[in-house]
Amino acid sequence: MKFYQKRFFKRGLLALTGVGLIAFGASAFAHRMGSCRHGVDATECRAQIVAKVGAKLELDANQKQQLDKLAQTLQAQREAMMGAKGESRQAVQALVAGPKFDQAAAQALLDSKTAAVHEKGPALIAAMAGFYDSLRPEQQEKLRGFMNRHHGHA
C-alpha cells in the first residue's frame, strides 16, 4: 500500500470512528436524559428530554425553545448517520460477508457517513451554540457540572 493510500485509509478510519462516536453520544444522551423506550414517538421523546433538562437547568421559554431546536438537530444528525433502523448494521455486516473485506463498500460507507457529518454538522454546531449562549452564567456552570459528573457513564 502506498503512503498516500495508507494516510487516506487512516484518516478515513479515524473519520468513521469519530462519526460513530458522535452518533453514539447523541443516542446515549437521548437515552440517558429522556429514558425514552422503543416505540415512543421521537417527538414525544424529544419533549421528555427538553422537559427533564429544562427542569434541571431551570430554563425559561426561550431557552427551552433553543434546547428543543438542539434536540431536533441532534435527532436529524443521528438519523442521517444511522439511516433506517438496522441499515448501518447490515451495511457493516455486508463488509465481512464474503471471503475478503469489501474495501470499496467500506469506503462508500465511510464517504456517506462523512458527508452526513459535513452536511449536518454546521447546523448542529449552530444549534448547540444557540442553546449554550442563551444560558445564564450560573446555568452554563450547572451544565458543565452535569457533563463532568456524567463523563464516562453514558
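Is T73 buried or exposed? In this predicted model, T73 lies in helix α3 and has a relative accessible area of 16%, and because a residue counts as buried under 20%, T73 is assigned to the buried class. When its neighbours within four places in sequence are left aside, T73 is in contact with A123, L124 and A127.

The protein chain as a whole contains six helices and zero strands, and its elements, read along the sequence, follow the pattern α-α-α-α-α-α. Of the 154 residues in the chain, 25% are buried, while the accessible surface amounts to about 10,500 Å², with 60% of that surface belonging to carbon and sulfur atoms. Among the contacts between residues at least 6 apart in sequence, 67% join residues at least 24 apart.

In soluble globular proteins, nonpolar side chains tend to be buried together. The largest nonpolar core of the present model comprises 14 residues, and those with the most contacts inside it are L57, L59, L67, L70 and F131. At least two residues of this core are supplied by each of α2 (42-57), α3 (61-82) and α5, with the largest share, five residues, coming from α2. For L67, one of the residues with the most contacts inside the core, the residues touched are V50, V53, G54, L59 and F131, when those up to four places away in sequence are not counted.

Two helix pairs involving α5 were examined in turn. Helix α4 (residues 87-95) packs with α5 at an angle of about 155°, the two axes being 9 Å apart; since angles over 145 degrees count as roughly antiparallel, α4 is described as roughly antiparallel to α5. This contact is formed by S88, A91, V92 and L95 on the side of α4 and by A105, A106, L109 and K113 on the side of α5, and by class it has six nonpolar, one polar and one charged residues.

Helix α5 (residues 103-134) also packs with helix α6 (residues 137-149), here at an angle of about 120° and with the axes 8 Å apart, and the two helices are therefore oblique to each other. The residues making this contact are F131, Y132 and D133 of α5, together with Q140, L143 and R144 of α6; by class, the contact of α5 with α6 has three nonpolar, one polar and two charged residues.

How values were computed: Residues numbered from 1 in each chain as written. Predicted model: local features only at pLDDT ≥ 70, side-chain atom pairs only at ≥ 80, totals over all residues. Heavy atoms only, no water. Axes fitted to C-alpha atoms, helices over the stretch in contact; angles between N-to-C directions. Helix = DSSP H or I, 4+ residues; strand = E, 2+ residues; numbered from the N terminus. Parallel < 35°, antiparallel > 145°, perpendicular 65-115°, else oblique. Contact = heavy atoms within 4.5 Å. Nonpolar A, V, L, I, M, F, W, Y, C, P; charged D, E, K, R; others polar. Core = buried A, V, L, I, M, F, W, Y, C linked by side-chain atoms within 4.5 Å. Buried < 20%, exposed > 50% of the residue type's maximum accessible area, 1.4 Å probe, protein only. Areas by Shrake-Rupley, 256 points an atom, 1.4 Å probe, with all protein chains shown as cover.
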